[in-house]
Structures are given as C-alpha cells and as structure tokens.
Amino acid sequence: MKPIRLDVGDIGEEVTRLHENLKKNGFEISPEEVKRKFVGPSTRAAVQACQKKHGLSATGCVDEQTASTIMEGDKAESTGLVKPKISE
C-alpha cells in the first residue's frame, strides 16, 4: 500500500473522506470542492489550519502524519486514508 499524500489538484474518494473528517473537526470546505471531490484552496486552508492547531508543519498537504491527526488514530485506519499498522 503506498503512503498517503493529498495535495491541491487531487480528486477522488480519499478526498471525500478527507472533507468529511475535516468538517467533523469543525473546518469549513467549499461546497463546490466537496461536490467535485477536489482538493482546492479551501481544502488546503482547512488542512493548514488543522496542521497549525496540532503543531504540525502547515504545508496544506496531507501526508500520513496529518491524515492520522485529522482522522484520530484508529479512525484513520478504518477510513483507508492511512495504511494500517501491522502487528508483529
């Protein structure tokens, strides 16, 4: 499974899950970006605000650390936005 990385211009179901979880955490996303399943300026701004709130580097890009923060640990794995941890 490849590492997660979402940035401006990306589209698809992973973006839909990102939007849903950002909204659950109180961040606003443009209705047009939600409709298009698109990472645009408002999604990037919401990601940056979330990153700042949690002491992460505010790049606006969703990497695995940001996805884990947005999805709150176990929720991240169940959404498919981060790769599951494999127990040894």
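What follows is a set of questions and answers about a predicted model.

Author: Residues are numbered from 1 along each chain as its sequence is written. In this predicted model, local features need pLDDT of at least 70, side-chain atom pairs count only at pLDDT 80 or more, and totals for chains, interfaces and linings use all residues, while side-chain values use heavy atoms, with hydrogens and water left out.

Reader: Why is His-19 called buried?

Author: Buried means under 20% relative accessible area, exposed over 50%, and partly exposed in between, with a 1.4 Å probe and protein chains only. His-19 has 2% relative accessibility, so His-19 counts as buried. His-19 is found in helix α1, where Val-15, Thr-16, Leu-18, Asn-21 and Leu-22 are also buried.

Reader: Which residues does His-19 contact, leaving aside neighbours within four places in sequence?

Author: Contact means heavy atoms within 4.5 Å. With those neighbours set aside, His-19 is in contact with Ile-29, Glu-33, Val-34, Lys-37, Phe-38 and Thr-43.

Reader: How many helices and strands does the protein have?

Author: The protein has five helices and zero strands.

Reader: Why do Cys-50 and Cys-61 count as buried?

Author: Cys-50 has a relative accessible area of 3%, so Cys-50 is buried. Cys-61 is buried because its relative accessible area is 6%.

Reader: How many disulfides does a search of the whole structure find?

Author: A disulfide is a pair of cysteine sulfur atoms within 2.5 Å. The search of the whole structure finds zero.

Reader: Where is confidence lowest, and where is it highest?

Author: pLDDT is the predictor's confidence in each residue, from 0 to 100. Confidence is lowest in helix α5, residues 74–79, at a mean of 43, and highest in helix α2, residues 31–36, at 97. For the protein, the mean pLDDT is 84, and 78% of residues reach 70 or more. Over residues 82–88, pLDDT stays under 50. Where pLDDT is low, the predicted coordinates should not be read in detail.

How values were computed:
Helices (H or I, at least four residues) and strands (E, at least two) are DSSP runs, numbered from the N terminus.
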